[in-house]
Amino acid sequence: MCKIRANFLAGFLPPETGAEFLGYLGKATLETLAIATAGLALAFLLAVPLAYLASGAGREAPTLNPVTRALLTILRGIPELVWALIFVRVFGLGPAAGVLALGLTYGGMLAKVYAEILESGDTRPARAILEAGAGRVQAMLYGLLPGSAQELTSYTVYRWECAVRASVVMGFVGAGGLGQLMDQAMKMLNGGEASSILLTFLALVLAADSFSGFLRRQVGNAGTHGRVAGVGAGSAAFIGLLGMVVAASFSYLDLGLAALFSRESAGLIGDFLRAFFPPDLSSGWLSKAAYGTVETLAISAIGTLLAVVGGFALALPASGRYGAIALQGARFVLNALRSVPELVWATLTALSVGLGPFAGVLALALHTSGVLGRLFAEALQNAPTPPRDALLDAGARPAGAFLYGTLPEVTPQLIAYTLYRWEMNIRMAAILGFVGAGGLGQLLYFELSLFHYAQACTVIAAMLLLSIAVDAASAAIRRRML
């Protein structure tokens with residue numbers, strides 16, 4: 001087995017460049033972008049009414065708030081990969097499962113953040129409109145929305161960037177795109193194809209990052225400079241272009257939406273979901289679910305700690321401390337590490353070190369090193385210089401000035417970044433098991449593969465409870481740090 005793994009990893013070079021394979025690769029890349037765009041469009045359609053119901057802004061008696069917020073917790077608490085796996089079981093392999101999964105999970109995320117943005121904005125215009133006798137819809141449209149439009153748009157663009165990454169990952173359970181092509185290459189131990197797909201991952205994610213950043217800067221500039229002549233026409237043109245891109249995405253995927261949302265499909269989904277209830281609450285199975293939860297937490301904690309060490313080591317040259325060449329090299333490594341999704345790293349590490357939680361730890365450590373390294377480098381670059389300069393003027397060495405002048409200034413920020421990523425890694429560790437990297441994900445994948453739906457329901461409930469607990473703990477920690 002070790003020899004097979006070594007041969008596979010050695011086979012990554014040279015990458016596959018055959019014309020037939022590149023044709024498949026191009027099609028899968030376009031499919032990934034279309035899944036992300038169509039999925040986010042569906043999420044937006046779901047998020048707008050849910051955000052309206054969840055928001056307490058402009059409402060005297062928010063009776064629907066608790067019900068709607070509970071629904072949002074369920075939608076975003078269950079990872080999109082789990083939704084994708086369920087939809088693959090119902091509708092079969094293909095992009096339809098990915099689009100629906102993104103629509104549900106990201107619909108919950110968008111609605112929650114939209115509601116929070118509306119509630120945190122200036123409510124005086126909305127109150128004035130309500131006092132003039134208008135309804136709540138008019139108050140939100142003309143009182144709250146204009147002041148929050150920039151922030152709402154910026155967050156939506158950021159979520160599209162995240163959707164591109166997610167659409168890659170969901171392919172590992174058969175939901176189309178580059179992930180499905182990568183999964184096939186891995187199962188066939190075709191290292192050359194896997195290498196070409198991996199390079200395409202990097203290029204696609206970096207391009208999505210750059211394009212998303214460009215759009216957010218444009219939104220920010222429009223908000224900074226205010227409404228000037230021509231902005232309204234430009235916004236209308238942009239919305240029209242966006243509508244064409246969304247329509248083209250649905251057309252390219254050829255999902256057959258009428259069939260997906262038909263009464264027959266609803267019946268299939270209902271029959272499938274009924275098989276999950278009642279969940280298995282036997283003591284033996286609850287013990288297994290509890291062990292999977294503890295293993296998930298351990299994977300996330302150890303992976304994050306390793307990432308702190310690796311990320312900080314790369315952040316030092318990436319902050320410019322060792323010259324321009326070291327800076328560019330470190331930034332390239334950081335971009336490469338964070339551009340590869342955790343599930344892809346988990347697939348590679350599982351092939352390298354074998355199935356189990358250690359593969360999950362390594363996958364989280366590699367990806368998170370790239371994320372934290374970039375954040376740590378920015379914090380070091382922006383650190384106040386007077387404490388360091390005072391120590392240098394007093395005769396201290398550069399290392400001492402850094403340890404006692406710069407580092408104390410940025411330590412709270414570094415801790416905040418670490419806690420935030422640990423929160424994200426707990427959720428990710430829960431699904432790394434889909435490729436054999438331990439935790440709750442591996443338990444869920446096995447039970448679904450064996451059609452043990454009652455046991456799978458218990459595992460999904462454990463994932464949901466873990467997500468709720470992480471949200472509550474994270475909010476409590478942030479309140480203490482403020």
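Phe272 has a relative accessibility of 11% and therefore counts as buried, the cut-off being under 20%. The model in which this residue is seen is a predicted one.

Phe272 belongs to helix α12, which spans residues 263–274. Its ring is paired with that of Tyr453: the two centres are 5.1 Å apart and the planes stand at 70°, so the contact is edge-to-face, a class that requires planes over 60 degrees apart. Tyr453 lies in helix α20, residues 453–481, so the pair ties together parts of the structure separated by 181 residues in sequence. Tyr453 counts as buried as well, because its relative accessibility is 15%.

Tyr453 also pairs with Phe451. Here the ring centres are 6.3 Å apart and the planes are at 85°, so this pair too is edge-to-face. Phe451 is exposed, with a relative accessible area of 56%, whereas Tyr453 is buried at 15%.

These rings are part of one aromatic cluster, formed by Phe272, Phe276, Phe451 and Tyr453. Across the structure there are 10 aromatic pairs, including the pair of Phe272 with Tyr453 and that of Phe451 with Tyr453.

Aromatic rings also meet a charged group in this model, at Arg321. The charged end of Arg321 sits over the ring of Phe402, at 4.3 Å from the ring centre. The charged end of Arg321 sits over the ring of Tyr322 as well, at 6.0 Å from the centre of that ring.

Conventions. Residues numbered from 1 in each chain as written. Predicted model: local features only at pLDDT ≥ 70, side-chain atom pairs only at ≥ 80, totals over all residues. Heavy atoms only, no water. Phe/Tyr/Trp six-rings, centres within 6.5 Å; stacked < 30°, edge-to-face > 60°. Helix = DSSP H or I, 4+ residues; strand = E, 2+ residues; numbered from the N terminus. Buried < 20%, exposed > 50% of the residue type's maximum accessible area, 1.4 Å probe, protein only. Lys NZ or Arg CZ within 6 Å of the ring centre and 35° of its normal.
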